[in-house]
Structures are given as C-alpha cells and as structure tokens.
Amino acid sequence: MVDNDANYDLLVIGGTAGGLSAAISSLRSGLGRVRVIEPGSSVAFPELVPENKVEVGYGEQVLSIDADEHHVVVTTDQRSYRTRGCLVALRNRNPQWTPPEGVELSKNVSVDELPESLNGQDILVVGYTNHAAELAATAAAAGAGVVMAAGGIDPALLAPAADAVIRRLERERRATILYRAVPDDIGTSGEFPIAYFNDRRTPDLEFDHIVYASKRIRPAASELGVTSAAIESGKVLFLGRPEEGVDAPSGPAWEIGRLLAEACFPELELQETPSTVQRRVRHESVINELRDEHYNATITAFEQRHSDLWVIRVRPDIGGTSHIPGQYASLGLGYWEDRVDKYADAGIDGKWNKLIRRSYSISHPIFEPSGYLAPPDTEELEFYIVLVQSDENHVAALTPRLGRLQVGDRIYLGPKVAGRYTLSAVESPDTAVVFFATGTGEAPHNSMATELLRKGHTGPIVSTVTVRNWQDLGYLDAHRQLEERFPNYHYLPMPTREQDVPKRYLQDLIRDGDIERALGGTLDPANTHAFLCGNPAMIGLPEEVDGKTTFPETTGVIELLVERGFSIDRRNEPGNIHFEEYW
Ligand SMILES: Cc1cc2nc3c(=O)[nH]c(=O)nc-3n(C[C@H](O)[C@H](O)[C@H](O)COP(=O)(O)OP(=O)(O)OC[C@H]3O[C@@H](n4cnc5c(N)ncnc54)[C@H](O)[C@@H]3O)c2cc1C
C-alpha cells in the first residue's frame with residue numbers, strides 16, 4: 001500500500017556506503033520516492049547516483065527528525081519532508097580510534113585524510129570496512145593507483161554498494177585488493193612510506209601516501225535533533241550499533257535493508273544488490289552475469305605442453321602489462337566454473353559465486369616468432385602453470401578450472417603486478433647468475449634469463465630445473481636454442497623419473513660440482529647471485545629458533561649455498577640468495 005500523503009517513502013540521511021546501498025535497494029524493490037540527504041558536497045560512490053537514478057540533496061543539514069501521527073517529519077536547513085521511513089546512515093570519525101601501535105602519522109601517513117592531489121599517486125588504503133572501500137573508491141576516481149590492504153575482509157559483511165564498487169575497481173584494474181595482507185610496519189625510503197606486510201607472500205611496497213581507514217561511529221540521536229516521538233514511531237533507523245538509552249532499530253550496513261523493510265515497508269521484500277544475492281540457481285544466465293561482473297581479461301593462447309602442463313597467455317581489457325622480469329600477477333576464476341576432474345570443492349554452496357585467486361609468476365616466450373629475443377613487455381602476459389592433482393585429502397581449487405580454458409575464454413587478471421624476486425641485485429654484467437627451479441618455478445627464470453641476455457650480460461648464466469619427466473620441460477627447445485646462441489648460457493634440466501637419466505636433485509648439482517662446471521669457475525659468493533623458485537622443500541628456508549638459524553631436516557639448496565658463504569637476501573639485509581616459494 002503506497003501512502004500518497006508522504007512526500008517520500010524513504011529519506012536516507014548520509015550518502016555513505018550503507019546509506020547508498022539502502023537507497024538503491026529500496027528503489028530496485030519498487031519504492032518510488034527515495035531521497036538521500038547528504039550534508040557534504042559528495043556521496044561515497046558518486047557514480048552510483050546517476051546509474052541508479054538516486055535523488056540526492058547535497059549540502060543539506062538536518063535540524064530535526066520528529067514524527068506526527070502518520071509520518072516521520074525531517075526538517076533540514078532547506079525544507080521539511082514527510083516520509084514513511086528514515087534511515088540515519090551518517091558515519092562520524094571516532095576520536096577514540098588510533099592506528100596500530102608503532103605507526104607514526106606524518107605528511108604521507110594519515111588517518112582518513114586523502115592527499116589533495118591524487119592523480120597519478122600510489123595510495124595504500126589500510127582497512128577492511130565500508131569506510132576503507134569509500135576511501136579506495138575516492139582515490140581511484142581521482143586517478144590514483146590504489147592498493148587496499150584489507151586483510152580480514154569479509155565482503156559479505158560490507159554494504160552491498162561497497163562490495164559492488166570494490167569488485168568493479170578490481171575488474172577495471174583500478175585497484176588491487178589484498179584480501180589477506182595488512183602492513184605490520186611502515187618504514188620510509190627517502191620521503192616515501194614503505195609498507196611491510198604481515199603476509200610473507202606480499203612484497204614490501206612503496207607508496208606516495210598511506211591512509212588508515214578509521215572505524216567510524218554513528219552520530220548520537222541528539223546530534224540530529226531526533227525527538228522521542230520519532231524514536232517511538234519505530235520508523236527512524238540507525239546504521240551502526242544501537243545507542244545506549246535510545247530504543248531505535250539499528251544494524252550493520254549488510255542487514256539494514258531487511259530491518260528497514262520490517263519496520264517501514266512490510267509490503268516489500270527489499271531487493272539485495274546482485275553481489276549479495278545467494279545464487280543457488282546454477283543457471284547459465286547467472287554464470288554469464290558472474291563472468292561479466294568479475295572477469296577483465298581474455299585468454300589469447302592456451303598451449304598444452306601435455307594434458308596437465310600449460311603455457312597460457314592473457315590479454316587485459318584495460319591497463320597495461322608492464323612488469324619487471326621475475327614478478328608475479330594474480331589470475332582468478334569463479335567457483336561456478338566447471339572442473340576437469342571428478343572432485344567436489346568442500347562447502348561449494350557457500351562460495352559458488354566467489355572468485356578463486358592465485359599468484360602466478362610471469363613467464364616469457366623467450367623468443368619472438370622472428371627468432372629475436374622477445375622484449376619483456378608485450379600486450380599479453382604469459383604464464384606457465386601445472387595442474388595440481390587433487391585427492392581425498394586436498395581438492396585443488398583453481399588449476400582444475402584453468403585446465404578447461406580455451407582461447408577466447410574470459411578470466412580475472414589482478415591489477416597489480418608485484419614481487420621483489422627480480423634481478424635488481426645483479427648490478428654488474430659479469431656477475432654469475434644461477435637459477436634453481438622445480439617444475440613451473442622456471443617461469444620467472446625464463447623472463448629473467450632473457451632479460452639478462454637481451455641486455456648483453458657477459459657473466460655465466462646457469463638455469464637448472466628439476467621435473468619428473470622430460471615431457472614436463474615446457475620450454476626445453478627454447479632453452480636449447482638459447483644455449484646455441486649464447487655461449488654464456490647453460491640449461492641443466494634434471495628429470496628424476498626417466499630411465500636414461502640417473503635420479504639426482506638440484507642439491508646434487510651443487511654437491512657434485514655440476515654447477516661449477518657449467519659456470520666455468522667456482523660457485524663464488526663474491527660474484528654470484530642465486531635465484532630459487534618453486535617447491536619450498538627444494539628451497540629449504542631456515543627458521544630462527546631461540547635466536548639460532550635452524551635449517552629444515554631435508555637439506556635444501558639454501559643450506560648448501562650458506563655453507564659456501566652465500567647469504568639470504570632479506571628485507572633491509574641484502575644478500576645473494578633470492579627465493580620465491582610457491583606454497
Ligand atoms: C608468488 C607465487 C608465484 C607462483 N607462480 C606459479 C607459476 O608460475 N606456476 C604455477 O603452476 N604455480 C605458481 N604458483 C602456485 C599457484 O599460486 C597456486 O598455488 C597453484 O596453481 C595451485 O592452485 P590451486 O588453487 O589449483 O591449488 P590449491 O588448492 O591452492 O592447492 C595448493 C597446493 O598445491 C600444491 N602446489 C601449488 N603450486 C604448485 C606447483 N606449481 N606445482 C606443484 N604443486 C603445487 C601445493 O601442495 C600447495 O599447497 C605461485 C605461487 C606464488 C605464491
């Protein structure tokens with residue numbers, strides 16, 4: 001039943017993520033007269049206003065919220081409204097909130113305040129709340145490159161508008177969302193802040209500005225002149241926690257739509273925005289909708305080296321592919337995609353509409369079709385990926401879905417290429433460089449070795465890789481060609497399950513002197529950089545136990561190199577052993 005006496009069905013005070021979500025879902029559910037009253041000059045996600053035909057009154061200050069017999073009456077400094085329901089969605093800075101201990105605020109590290117000039121700046125937003133999403137969207141809209149360190153985020157608990165905007169920013173490659181990482185320390189490099197992350201997979205990243213999103217709070221009812229009649233009407237709702245002594249319906253952004261419908265519009269089933277719809281119906285049209293929502297790149301090549309080993313090339317719709325050889329990007333497919341095997345993902349019903357993302361080193365074709373060495377940047381990124389076999393104990397998520405891809409299919413490509421596993425420490429062209437890889441751990445080395453040779457590196461370059469069978473060497477021919485063309489390049493593949501080759505591991509190549517023979521000299525820490533990539537057991541990273549360096553029980557390559565005087569390259573402590581663990 002529509003009440004024609006009221007000017008409005010719903011007034012939302014505050015164009016925040018939660019306020020916009022409530023307004024949009026109400027409009028979608030059939031309420032015709034919805035207005036957002038925004039005291040400031042802009043709402044959280046301005047692009048949603050025209051897209052959803054939301055009516056917004058900017059710069060309007062609420063003076064009082066009262067109720068008569070039938071309606072809520074909201075008076076602002078510009079006019080008076082009668083409405084069936086009113087949602088207070090304003091969020092204020094919480095003066096009690098401080099950034100984590102040890103974070104020093106400065107010109108480039110702030111709470112809630114974005115710098116005035118954002119275009120072309122690299123901005124890190126730290127936080128996982130709606131407010132963090134608002135800051136990230138504002139920075140991206142102004143032309144900044146945005147990373148959001150949102151460790152601990154649960155997208156289902158965001159306001160639907162914030163969830164949708166974050167996904168759009170990712171799809172359009174305008175922001176990188178780190179779903180697990182949070183900086184545990186902020187340092188400086190010259191005048192710029194560097195974020196050191198808690199997650200060892202996320203490299204140290206330098207930014208122009210770091211902004212912490214505070215946990216905001218709702219205003220007190222008295223600040224907006226809410227009368228007791230308005231509270232008693234039950235038709236004035238608050239976004240956020242309930243206020244002590246004020247008995248008005250309150251709730252978090254993801255739930256406020258339902259509370260609003262219950263309190264003010266019993267005839268309506270408030271529609272949720274597409275992101276939060278529980279897509280139980282596994283219908284082709286829903287799958288296409290999900291693909292459109294999430295995927296932002298196209299598969300341009302899918303070469304099967306054998307049924308479980310692939311070289312894949314990906315072209316992004318928007319944004320470049322620029323990277324430093326050795327770095328990685330992220331690829332993703334939805335759980336809704338079919339698998340190549342018979343296994344079922346645990347708890348698939350709860351995550352069927354979610355994206356699976358994994359990191360992949362950027363590989364390299366080595367040669368162009370013309371026969372020249374291929375340059376590092378092309379319009380596509382190449383990846384070298386192996387199918388991870390599932391069994392009863394572990395069901396792999398992404399690779400069994402990647403295995404079904406064909407040229408022309410769509411995929412998610414993360415916006416940020418990252419990683420400090422690069423050649424930056426190799427400063428002199430006569431340095432010896434040794435690469436150690438297991439399986440697809442060779443991917444970054446293809447790119448790094450090509451880069452060295454393209455730049456006229458004169459020192460010896462030895463690339464070693466261990467695999468099970470000859471057929472697992474996806475780039476064997478290209479490496480053999482490199483050896484023919486460049487006398488300082490040597491490729492030592494080590495299949496462990498072939499009759500014609502004795503079973504030896506990369507560690508044996510060090511112990512038995514094979515590496516030194518290939519180098520044409522000693523494995524000298526003074527003039528050699530070692531790069532280790534792939535299986536953590538091959539790498540053998542030591543742990544600090546009671547201040548003592550303890551190596552794993554099975555000797556890894558690091559232990560053998562350390563015995564020869566090499567040292568691990570660590571944050572703030574340069575060394576000549578560089579490593580990238582795949583799990
Ligand atoms: C920085 C980085 C770069 C990476 N680059 C590559 C790459 O270039 N090519 C690539 O194939 N993988 C790469 N990986 C691994 C990749 O991110 C995924 O973990 C892998 O593809 C498995 O994903 P999944 O969802 O199928 O399996 P999940 O369900 O995530 O299973 C993970 C398990 O699979 C096994 N596993 C993971 N990677 C491999 C692998 N390469 N070979 C054999 N077993 C593996 C491990 O036991 C691991 O615990 C990289 C990982 C990191 C952190």
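The expected span of a helix is 1.5 Å times one less than its number of residues. The structure is a predicted model.

**Helix α1**

- Ten of the twelve residues of α1 are buried, so the helix is largely enclosed by the rest of the structure.
- The buried residues are Ala17, Gly18, Gly19, Leu20, Ser21, Ala22, Ala23, Ile24, Ser25 and Ser26.
- Just after α1, glycine 30 adopts a positive phi of about 115°.

**Packing of α1 against α4**

- Two packed helices are described by the angle between their axes and the distance between the axes.
- The axes of α1 and helix α4 (residues 160-171) come within 7 Å and cross at roughly 100°.
- Angles of 65 to 115 degrees count as roughly perpendicular, and α1 is therefore roughly perpendicular to α4.
- On the α1 side, the contact is made by Ala17, Leu20, Ser21, Ile24 and Ser25; on the α4 side, it is made by Pro160, Ala161 and Ala162.
- Of the residues in this contact, six are nonpolar, two are polar and none is charged.
- An α-helix has 3.6 residues a turn, so residues three or four places apart point the same way.

**Helix α4**

- The twelve residues of α4 should span 16 Å at 1.5 Å a residue, and the end C-alpha atoms are 16 Å apart, which agrees.
- α4 is mostly covered, with ten of its twelve residues buried.
- Buried in α4 are Pro160, Ala161, Ala162, Asp163, Ala164, Val165, Ile166, Leu169, Glu170 and Arg171.
- Arginine 173, which follows α4, has a positive phi near 60°.

**Helix α6**

- Within α6, the residues Ala253, Trp254, Ile256, Gly257, Leu260, Ala261 and Cys264 are buried.
- The elements covering these buried residues include α1, β6 (80-88), α3 (130-141), β15 (236-239) and β16 (250-251).

- Strand β21 (residues 381-386) is mostly covered, as six of its six residues are buried.
- In a regular strand the side chains alternate between the two faces of the sheet.
- Both faces of β21 are covered: Leu381, Phe383 and Ile385 are buried on one side, and Glu382, Tyr384 and Val386 are buried on the other.
- β21 pairs with strand β18 (residues 309-316) in the antiparallel sense over six bridges.
- Leucine 309 stands opposite valine 386 of β21.

**The five-stranded parallel sheet**

- Five strands, in the order β25-β24-β23-β26-β29, form an open sheet with parallel pairing.
- β25 (489-495) and β29 (577-581) are the edge strands, each pairing on one side only.
- From one strand to the next, the twist averages 10°.
- Strand β26 (residues 528-534) pairs with β29 in the parallel sense over five bridges.
- Phenylalanine 531 stands opposite histidine 578 in β29.
- Helix α11 (residues 476-485) lies across β24 (461-467) and β25, and runs at about 145° to β25.

Note on methods: Residues are numbered from 1 along each chain as its sequence is written. This is a predicted model: local features need pLDDT of at least 70, side-chain atom pairs count only at pLDDT 80 or more; totals for chains, interfaces and linings use all residues. A residue is buried if 20 or more other C-beta atoms lie within 10 Å of its own, exposed if 12 or fewer, and partly exposed in between; C-beta atoms are placed from the backbone. Helices (H or I, at least four residues) and strands (E, at least two) are DSSP runs, numbered from the N terminus. Axes are lines fitted to C-alpha atoms, for helices over the stretch in contact, and angles run from 0 to 180 degrees between N-to-C directions. Angles under 35 degrees count as roughly parallel, over 145 as roughly antiparallel, 65 to 115 as roughly perpendicular and the rest as oblique. Two residues are in contact if their C-beta atoms, placed from the backbone, lie within 7 Å. Ala, Val, Leu, Ile, Met, Phe, Trp, Tyr, Cys and Pro count as nonpolar, Asp, Glu, Lys and Arg as charged, and the others, Gly among them, as polar. Two strands pair if DSSP finds at least two bridges between them.
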